[in-house]
Amino acid sequence: MTAEGARGAALGAGLALAAGLGVAGLGLAGLSVAGPAQADAAASGRALYETHCQSCHQFDGGGVPNFQPSLLDSVLVAAEPRTLAAYVLQGTADLPDTARAYNNVMPSFRHLSDAEVARLLRYVRGDLAGVDDAEPVTPEAVAEARAGLD
Ligand code: HEC
């Protein structure tokens with residue numbers, strides 16, 4: 001085998017190994033997700049926030065300038081529950097670039113249940129943003145918001 005051939009073979013083996021590790025990694029990730037996903041059924045609003053929102057909106061909800069907005073002084077967070085729930089269920093990834101104000105996009109959260117979204121948003125509104133909640137976010141409001149999406 002020439003030096004070139006040996007390098008090529010070594011590279012090929014390296015790629016195959018990397019691909020194999022990738023698959024193994026996915027397998028492990030798949031397994032580890034099963035636990036927390038089930039635990040989420042009873043997770044607190046704070047735990048749900050930490051799992052699904054904190055990486056972008058930060059621990060205190062303060063956001064990151066230009067990347068994701070603060071949730072603390074947000075008109076949307078203080079809006080009527082169905083409006084807020086519809087925004088969070090939908091995310092911004094499907095919106096055209098021109099409809100987005102920030103450099104990052106927000107994923108959809110339709111995979112969360114109505115009860116989870118309600119609990120999570122009560123935490124965001126009450127505990128983080130300090131919205132005086134005359135109209136708390138209920139699972140019913142989230143269900144109505146969901147029904148209004150296409
Ligand atoms: C991957 C990053 C990311 C994650 C995760 C994320 N968001 Fe966002 N969020 C964004 C970005 C970016 C925007 C601004 C979108 C735009 O208008 O350009 C945003 C906007 C918002 C807004 C509107 C704020 C305003 O005043 O305009 C709310 C409310 C919100 N997010 C809540 C949440 C909640 C609740 C979660 C968790 C369920 C969450 N986000 C998870 C990135 C994220």
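## Close-up views

**View 1. Ala141, Val142 and Ala145 are the buried residues shown in helix α6 (residues 139–148).** These three span an arc of only 100° around the helix axis, and therefore they sit on the same side of α6. The arc is taken over the directions from the helix axis to the C-beta atoms. A residue is buried if 20 or more other C-beta atoms lie within 10 Å of its own, exposed if 12 or fewer do, and partly exposed in between, with C-beta atoms placed from the backbone. Helices are DSSP runs of H or I with at least four residues, strands are runs of E with at least two, and both are numbered from the N terminus. On the face of α6 turned away from the buried side are the exposed residues Glu140 and Ala147. The cover over the buried residues of α6 includes α4 and α5. The model is predicted: local features need pLDDT of at least 70, side-chain atom pairs count only at pLDDT 80 or more, and totals for chains, interfaces and linings use all residues. Residue numbers start from 1 along each chain as its sequence is written.

**View 2. The protein has six helices and zero strands.** Along the sequence the pattern reads α-α-α-α-α-α. Of the 150 residues in the protein, 22% are buried. Among contacts with a separation of 6 or more, 61% join residues 24 or more positions apart. Two residues are in contact if their C-beta atoms, placed from the backbone, lie within 7 Å.

**View 3. Helix α5 (114–128) is shown with its buried residues.** It has 15 residues and reaches 20 Å from its first C-alpha to its last, close to the 21 Å expected at 1.5 Å a residue. The expected span is 1.5 Å times one less than the number of residues in the helix. The buried residues of α5 are Glu116, Val117, Ala118, Arg119, Leu120, Leu121, Tyr123, Val124, Arg125 and Leu128. Their cover includes α2, α4 and α6. Leaving out residues up to four places away in sequence, Val124 touches Tyr49, Gly61, Leu71, Val77 and Ala129. After α5 comes Gly130, which has a positive phi near 65°.

**View 4. The largest nonpolar core contains 21 residues.** Inside this core, Ala85, Val117, Leu120, Leu121, Val124, Val137 and Val142 have the most contacts. At least two residues come from each of α2, α4, α5 and α6. The largest share, seven residues, is supplied by α5. A nonpolar core is a set of buried Ala, Val, Leu, Ile, Met, Phe, Trp, Tyr and Cys residues joined through C-beta atoms within 7 Å. In soluble globular proteins, nonpolar side chains tend to be buried together.

**View 5. Helix α4 (81–90) is mostly covered.** Seven of the ten residues of α4 are buried. These are Pro81, Arg82, Leu84, Ala85, Ala86, Val88 and Gln90. They pack against α5 and α6. Gly91 follows α4 and has a positive phi, near 70°.

**View 6. The ligand is surrounded by 25 residues.** The closest are Cys53, Cys56, Ser74, Arg100 and Met106. Two or more residues of the shell come from each of α3 (54–57), α4 and α5. Helix α3 gives the most, with three residues. By type, the shell holds 17 nonpolar residues, seven polar and one charged. Ala, Val, Leu, Ile, Met, Phe, Trp, Tyr, Cys and Pro count as nonpolar, Asp, Glu, Lys and Arg as charged, and the others, Gly among them, as polar.

**View 7. Cys53 lies in the loop between α2 (45–52) and α3.** It counts as buried because 21 other C-beta atoms lie within 10 Å. Between Cys53 and Leu120 the C-alpha to C-alpha distance is 9.4 Å, although they are 67 residues apart in sequence.

**View 8. Gln58 is in the loop between α3 and α4, and Asn66 is also placed in the loop between α3 and α4.** Gln58 is not a glycine, and its phi is positive, near 75°. Asn66 is not a glycine either, and its phi is positive at about 75°. Gln58 has 15 other C-beta atoms within 10 Å, so it is partly exposed. Asn66 has 10 C-beta neighbours inside 10 Å and therefore counts as exposed.

Conventions:
A residue is near a molecule or strand if its C-beta atom, placed from the backbone, lies within 6 Å of it.
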